[in-house]
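Visitor: I'd like to walk through the side-chain contacts in this one. Can we take it a question at a time?

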Amino acid sequence: MFIRPLIPILLSFAAGILISHSARLDGCGVGLGLFSAVAAFSTLSFLLPSSWRPVAVFFLFVSSGMFLEYHSRSSSDMMDLVKYKRQFTILGTVLEPPFESLDRTRMAVRVDQILESDTAKGRGEKIMVTVFKPTGEFFPGDRILLPAKLRAFRNFNNPGCYDYEQAMRLAGFVCAASVSDGKRIVPMGNGRLGFPFDQIEAFRKPLRDFLKKNLSPDHDSLLRALVLGEKQGIGSDLRASFNRAGLGHVLVVSGLHVALVAWFAFGALVRLLSTSYRFVLLLDIRRLAAALTCLPLLAYACLTGFEISCQRAMIMVMVFLFSVILGKEKETWSTLALAGLFVLALEPASLFSVSFQLSFSAVIGILWLGPPLRRILSYPATEEAMRHTILKRFYLYFANLTAITIAATVFLLPLTIFYFNRLSCVVIPANLTVLPVLGLLVLPIGLCAVGSVPLSTSLATILLSGAEWGLERIMDYVAFWGSWSWSEAWVITPDGPEVLLLYSLMFFTFFALRFGWAKIGLAIVFVVLAADITYWVHKNFYNPHLKVTFLDVGQGSAALVQFPGRERMLIDGGGFSGGRFDVGKTVVGPFLLHAKIASIDYLVLSHPDTDHMDGLRFIASHFQPKEFWHNGEKEEMPVHRELMETLRLKKVAMISPGQWKESRTIGGVEVVVLHPHEADELGRLKHNDRSLVLKLTYQRKSFLFPGDLEKAGEEKVVLCTGRHLKSDVMLAPHHGSKTSCSQLFLDQVEPRVCVISAGPGNPFAFPNTEVVNRLESMGCTIFRTDRDGAVEIVVRRGKGLVRAFMKESRKGTGRSDPFFF
């Protein structure tokens, strides 16, 4: 460790950033205190005896990391305006090419002025603007005047959720804004992006137009992503096909692309300089080539618009190039640590960026696992049959590529599953076929093509045809590797400590054959891993309690029922209109996998509304349901037809009115369908009043799921069931709308706990204030998914226990956490 001091320095610096980020230290004295700590430990690192100096250096870099993380935070004027929940008129400049779809456009806008403010409030801040019903095209540098309603970015607050708020913050956005109609946006001419972005955009715009004119839409969007770093044109279908093949990283300019450009440029320069006998005698060709490689590397970063991920990758590659210039290229671990220090010192928040974590970890895997794999795979090159130079070079190239691919893939596996909940089973062969085409053909020829545009469009067109041929091969490989039903697998997701446990297993296994301490460490890891597996097996298969989790799915409804034992039921799956956002894939599915649930026994659809049904499509396709309960309505909506077709292909048993028994016992829980009783009832009721109504009872505690019942439906259910409606926990009918929760219905249910599933700031103003007051006047304790996040209710030993995912939501409510009933 002391032979390579940069490694512990990097670890201590990263620890300081993590501590400061987790503690969220704030206050006027914090910055001064951290600065004083840095100064004190700097002094001690010189004054202390040599035996104590490493301790002082350790705390010096911990405090430095905390200090830089604290000062990297910035307050936002725009966020102060969000709380007013009103429309503001914003004069701004478009920063990037927009994401365009049929009915909306999303674009990054820099705020230049807020007309309602006389001050410079919000100036220079970056917001994500969504324009509904767009009427025109927007380009980087366009100045626009728009009336927009501001809102904060928000996560779906469930265990295992993706931290969307942090992702947008790391991308530089402070809040979101929406414009209801594109006609309301007024073009104000050309704006300024600032140096050097004005000059970069002046160069990029004709290149963008050239690619659009000469390539098909798919090839244009793909080459723009690779060469210009503009992924806005990548459609969801194209992205999904790349992800299935384990090639999603190809679509985002990051360490892979920058390393390929550096590798190609360095190799070409070495060969070019080696043609001069004088250069070979007078200069160190490798050092000169490394210095000159920085130029095309910087040019590529400019061409891609200095994207954040490209900036980090460029810094890391340039540090490696400087190690070659200094003759320290063998000190790869120290060089990697130095690169990490540079990146984190410039932007401490990079530590929490998925892109940085994946890129940095991939390099660690290549440096650690790559050499032994390369030695194993290169062994046949020593045989007699491999004496032919060309054959040997060809074999060694693919042996090295295979070693690098396997090393990076294996080392990234825990992180990949943690962030994406899935793995590609064809990632290694897919990368082995695509990366040579990308690195040897598409990227170099594509870059030469766009670089030739200002000189000769004819030459650029010829070169572009070669790059397009390579793109066609890439698309063919992606289609082939992604076509298999087993190409991609959704797998149970480890949490943070389990990811560390998996890396510990990898570390100790690697060294176990050579060192005794590694064998001891491996034994300890196996014990901890066995305990972890035992815990989850007991929790998911032998737990004697009933647990119901009302998920935060925005403006919709979804609830997971975990019966005592091993059976599970999902009641509704949430969803949004238009099908642009798959709640099942991005919210419900990740929650289930985080809870180590890989299958659902019973799918229940209360009624075929998008906000209840859309998320069930993904669950039906990937979680092997055995039965599907529904209210018997015909398949009229495309989403409903798709869901039913998926269920038929999976041979799932369909249970509809007329097929239900009076009650059913699942894991000791009595499940009763209260409404509707017969299919012919549906025609006499309005759509929402046809909702399936379920009641679950366990150890004298009962749960009522009334779907979207409105007043007429509630009266019908009361008439048919009467006092059987009485329940301890009630999901608010129709998300707490004013047309539901009638006094007659509530008098029969007498809920002690009511969960309202609604989205924050929803256009329907759910839940209705009168409904909330009515529930509170009955002494009912209210939990809301828009404020509390996921609400978990556990019944054990005849008692009910309620926990909210958002712990701070209980403040000011007089409600304890956990809440007992």
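Visitor: Is Phe279 buried, partly exposed or exposed?
Guide: This is a predicted model, so a quick note on ground rules: local features need pLDDT of at least 70, side-chain atom pairs count only at pLDDT 80 or more, and totals for chains, interfaces and linings use all residues. Residues are numbered from 1 along each chain as its sequence is written, and side-chain values use heavy atoms, with hydrogens and water left out. Buried means under 20% relative accessible area, exposed over 50%, and partly exposed in between (1.4 Å probe, protein chains only). Phe279 has 35% relative accessibility, so the label is partly exposed.

Visitor: How much accessible area does the nonpolar patch with Phe279 have together?
Guide: Patches take residues with over 30% relative accessible area and no salt bridge, joining like charges within 9 Å and nonpolar side chains (Val, Leu, Ile, Met, Phe, Trp, Tyr) within 5 Å. Areas come from the Shrake-Rupley method with a 1.4 Å probe, and for residues only the protein chains shown count as cover. Phe279 sits in helix H10 (residues 277–282); helices (H or I, at least four residues) and strands (E, at least two) are DSSP runs, numbered from the N terminus. Together with Tyr277, Leu281, Leu282 and Leu283, Phe279 makes a surface patch of about 570 Å².

Visitor: Which residue forms a salt bridge with Glu230?
Guide: A salt bridge here is a side-chain nitrogen of Lys or Arg within 4 Å of a carboxyl oxygen of Asp or Glu, and the whole structure has 34 salt bridges. For Glu230, the closest N and O atoms of the pair are 2.7 Å apart. Glu230 lies in the loop between helix H7 (217–228) and helix H8 (236–244) and the partner in helix H6 (residues 197–214), so the bridge ties together parts 26 residues apart in sequence. Glu230 is buried at 2% relative accessible area, and its partner is Arg204.

Visitor: Are the rings of Phe550 and Phe705 stacked or tilted?
Guide: Rings of Phe, Tyr and Trp (its six-membered ring) pair if their centres lie within 6.5 Å; planes under 30 degrees apart are stacked, over 60 edge-to-face, and the rest tilted. The structure holds 34 aromatic pairs. With centres 5.8 Å apart and planes at 25 degrees, the Phe550 and Phe705 pair is therefore stacked.

Visitor: What is the plane angle for Phe411 and Tyr503?
Guide: Both residues are buried, and they belong to one aromatic cluster that includes Trp368 and Trp517. Their ring centres lie 4.9 Å apart, and the pair counts as tilted because the planes are at 45 degrees.

Visitor: Which ring does the charged end of Lys596 sit over?
Guide: The criterion is NZ of Lys or CZ of Arg within 6 Å of the ring centre and within 35 degrees of the ring normal. Lys596 has its charged end 4.2 Å from the ring centre of Trp536.
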